[in-house]
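Let's walk through this structure together, one step at a time. Have a look at it first, and then we will begin with how one chain folds back on itself.

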Amino acid sequence: MPNPFSISSATEDDFAVIKLDGAVDAHTAPQFEEAVQKVIDDGQNNIVVDCEKLSYISSAGLGVFMGFVEEVREADGDIKICGLSEKVKQPFEILGFESLFHFCPDVASAKEKFSEVTNWEDAY
Amino acid sequence: METVDKKFTLQVPSSTENLALIREFVSSAAKQAGFDEKEVGRLELAVDEACANVIEHAYGQDVSKEVIVRARLDENEFSIDIEDTGKGFDPASVNQEELEQLINKRKTGGLGMRLMKTLMDEVRYEIEPGKKNALHMSKRLKKD
């Protein structure tokens, strides 16, 4: 059974955009984790995760967002999540991600969101 | 009217590679139960989380083991049973800290069980160390 998944990263302007395509589960989440780690290792802490083509995500994928967000915020960056469909958004909502992450409709609005100052410490 | 229970069984090697197949199996069975697309998605997620725990924790990625998923549909509910003979655990010991605290401590554990408990009407573990671990989950059917 194929588990169609692909991931691509690109640096645009002063942002890294990671595009997820397909299903992020316990099998594919390590690829997502590697991609985020590489972006951070390359010195980019403003990260947009484009979920427009994401068809499914389980807690293994959500854990990747949680595992890196503190690190990039300490470096004055952030991870913005964009393009989620209503169906794929469900696990994010159930776990309460909306109070701890910015959700944006698309990559452009996610980039704009970086100009806003958010004191995430208040959320913790 | 007399109704007939429907039973579906899937048996696959214990590998995360098979999670997509497990989701497809659950999706097909849940559609027969008449759940809408959103509810089918929720059931797929709950079973995926449960099986990922078995594959990664109970069997420690040992692909010689097998994961068995049994779905059952009767007139009242759609139920899923997942059994394994791997390493057991104490469900009460699973991290239930708030998301904020988990992020602060850079921990991600316990999310799967939290999702399962939210997505399903019933989640029940029976752990017999060294013998058998069983997880029973169910979702009531909506009556018109």
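Start with chain B: among its contacts between residues at least 6 apart in sequence, 66% join residues at least 24 apart. Two residues are in contact here if their C-beta atoms, placed from the backbone, lie within 7 Å. Keep in mind that this is a predicted model, where local features need pLDDT of at least 70, side-chain atom pairs count only at pLDDT 80 or more, and totals for chains, interfaces and linings use all residues. Residues are numbered from 1 along each chain as its sequence is written, while chains are lettered from A and ligands numbered from 1 in the order in which they are written.

Which elements build chain B? There are four helices and five strands, and from the N terminus on they run β-α-α-β-β-α-α-β-β. Helices (H or I, at least four residues) and strands (E, at least two) are DSSP runs, numbered from the N terminus.

Next, look at the overall dimensions. Along its principal axes, the C-alpha trace of chain B spans about 55 × 35 × 25 Å. Of the 144 residues in chain B, 35% are buried, meaning that 20 or more other C-beta atoms, placed from the backbone, lie within 10 Å of the residue's own.

Finally, turn to where the two chains meet: 24 residues of chain A are in contact with 27 residues of chain B. Helix 2 (59–74) and helix 3 (86–94) of chain A each supply at least two residues of the side that touches chain B. Helix 2 of chain A gives the most to that side, with eight residues.

How values were computed:
Buried ≥ 20, exposed ≤ 12 C-beta atoms within 10 Å, placed from the backbone.
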